Amino acid sequence: MLSIASRLEQATERPGGRIVFVTPQGHVPVEWARLHEQARAAAAALQARGVGAGDHVAILGPTSRDLVTAIQAVWLAGACVVVLPLPMRMGSLDDFVAQTRARILGADCALVLVDGQLAPFIEAEPGDPPFAELGDVLAGTSGAERYVRPADDLERLAILQFTSGSTSAPKGVMLPERVLGANLDALAGAAGLDVDVDVLVSWLPLYHDMGLVGLLCTSMMSGADLVLAAPQDFLAHPGGWMEWISAYRGTATAGPNFSYVLAARALKRAHDLDLSSLRIALNGAEPVDPATVEAFLAAGAPFGLQPGSAFPAFGMAELAIAGTFPEPGRGLVVDTIDRRVLEAEHRAVETAADARNARRIPLLGRPVPGLEIRVCDPGTGQVLAEREVGELEIRGTSVTPGYYRRPDATAASFHDEWLKTGDLAYLVGEELVLCGRIKDVIIVGGRNVFPEDIERAVANVEGVRAGNVIAFGVEGRKGKETVVVVAEARAPGGDPLDPVLLRRFVHHRVLEVTGVPPHDVVLVEPGTLPKTSSGKLQRSLCRTRYLGAELVPV
């Protein structure tokens with residue numbers, strides 16, 4: 001297997017291979033060979049500051065040419081990169097600074113590189129590693145001749161990727177070069193990557209595994225073309241995503257479920273786009289909603305978007321990124337099952353699409369090369385049969401060796417050689433179907449009620465912000481668990497909000513889905529619900545705030 005340094009060097013040999021930085025000021029194409037030379041100079045600058053093979057370097061900055069160059073420079077210096085999350089909301093700066101410092105100290109960083117725009121918000125304190133401005137390290141374009149390439153070591157950590165923290169405190173996932181390389185090779189093979197043809201398009205944050213590994217690393221270490229924008233530019237103008245695909249003849253892209261909701265809305269107002277080149281629109285990082293995928297495909301059809309481009313997949317930081325992929329070009333395939341049997345008997349029994357209790361769940365494909373999956377009883381560890389629901393376990397070449405400085409978490413997450421993912425799933429043939437997270441399941445009357453079912457149903461109530469609903473369980477009377485729904489509310493069309501009426505609508509919607517009335521419905525202002533740095537809803541934190549009476553209803 002090639003080392004990271006060898007992959008980066010070989011990527012520069014493809015003539016014309018480039019990255020295009022998309023900014024509000026314009027689009028800046030840079031050949032990978034040119035960026036590599038600048039990264040070599042920056043690696044020499046890092047080495048001059050004492051950074052050596054095996055050190056950890058944290059980087060904090062917005063998506064930019066400087067950030068991408070610095071990431072490559074850290075690898076060329078033989079160090080491990082720790083890309084730090086940016087604040088989700090400017091109102092949470094104190095939390096952002098505290099969480100950033102905790103990650104820096106928890107990762108044992110030898111150096112912290114901070115973009116000049118963020119330097120005023122976080123400064124080194126006693127006990128912290130040295131801080132340096134990103135621009136100072138990248139200053140100038142000369143100095144590559146002073147770079148000394150470290151000896152290859154496939155066991156050396158390449159990435160310390162903190163988990164999203166959607167169900168627990170973030171943990172540092174260790175990704176040695178051999179794990180990262182194995183997953184990149186598996187991803188490329190399963191997706192049918194052709195570096196001479198494919199153009200990847202991304203706006204995903206580089207502190208998240210899908211953005212860093214799935215798109216940036218795939219391009220940077222193969223020489224494939226990449227069109228890269230910042231998350232805030234996508235959120236400010238979701239239609240830009242489709243415009244970039246059209247302009248650059250993008251063939252592959254990726255995003256979480258909510259981003260396809262925004263894209264579908266933008267496509268309804270779009271003109272003069274050509275999406276016929278897109279062959280992979282990967283949907284992952286959140287539970288994949290078939291209705292969202294279908295709405296996106298329908299909105300893109302007038303612009304040549306092919307149904308086969310839909311690519312619902314499974315991945316996680318503990319695998320570098322790619323876990324299971326469908327066959328490229330197959331499109332969305334849905335398993336329609338009886339929701340009540342799933343909840344009560346933990347079995348996936350097929351039913352008619354128009355059945356009262358039908359639940360539609362997408363098939364997420366087969367394991368990428370080098371991985372195996374199985375479904376086990378969470379209590380006994382017994383391997384379950386097809387369509388029996390249990391915990392997803394994975395083993396193989398792309399699995400992390402564990403969590404950094406967390407032997408307790410590592411031991412708790414492995415069963416022999418198998419990684420216990422914490423996901424409830426079942427198999428259809430060799431294909432994976434996910435039902436939800438074990439920690440998030442609400443047990444009502446002996447049934448496993450999945451919060452995603454409630455959240456998606458409530459999101460369709462007019463006045464509730466789609467993608468901004470959280471459902472969780474609390475202890476009710478006689479110690480039995482009941483359902484609480486917290487939803488961000490906004491009156492449509494600027495009309496006055498009637499919270500009493502809206503709560504009543506939500507109450508009835510939950511009753512329709514679960515068969516039991518919710519214990520409480522809380523409506524809050526937009527921007528209130530807690531989310532991870534990657535935009536995932538934090539149900540456990542929302543529950544804690546609810547129990548602590550910290551949520552302010554509208």
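**View 1. W75 is a buried residue, with 3% relative accessibility.** Buried means under 20% relative accessible area, exposed over 50%, and partly exposed in between (1.4 Å probe, protein chains only). W75 sits in helix α3, residues 65–76. Helices (H or I, at least four residues) and strands (E, at least two) are DSSP runs, numbered from the N terminus. Beyond neighbours within four places in sequence, W75 is in contact with I4, L8, V81, A158, I159, L212, C217, M220 and M221. Contact means heavy atoms within 4.5 Å.

This is a predicted model: local features need pLDDT of at least 70, side-chain atom pairs count only at pLDDT 80 or more, and totals for chains, interfaces and linings use all residues. Residues are numbered from 1 along each chain as its sequence is written, and side-chain values use heavy atoms, leaving out hydrogens and water.

**View 2. Helices α6 and α7 cross at roughly 85°.** Helix α6 spans residues 177–191, and helix α7 spans residues 209–220. Their axes come within 11 Å. Axes are lines fitted to C-alpha atoms, for helices over the stretch in contact, with angles from 0 to 180 degrees between N-to-C directions. L180, L184 and L187 of α6 meet V213, G214, C217 and T218 of α7. By class, this contact has five nonpolar, two polar and no charged residues. Ala, Val, Leu, Ile, Met, Phe, Trp, Tyr, Cys and Pro count as nonpolar, Asp, Glu, Lys and Arg as charged, and the others, Gly among them, as polar.

**View 3. E488 lies in strand β27, residues 481–489.** E488 is buried, at a relative accessible area of 0%.
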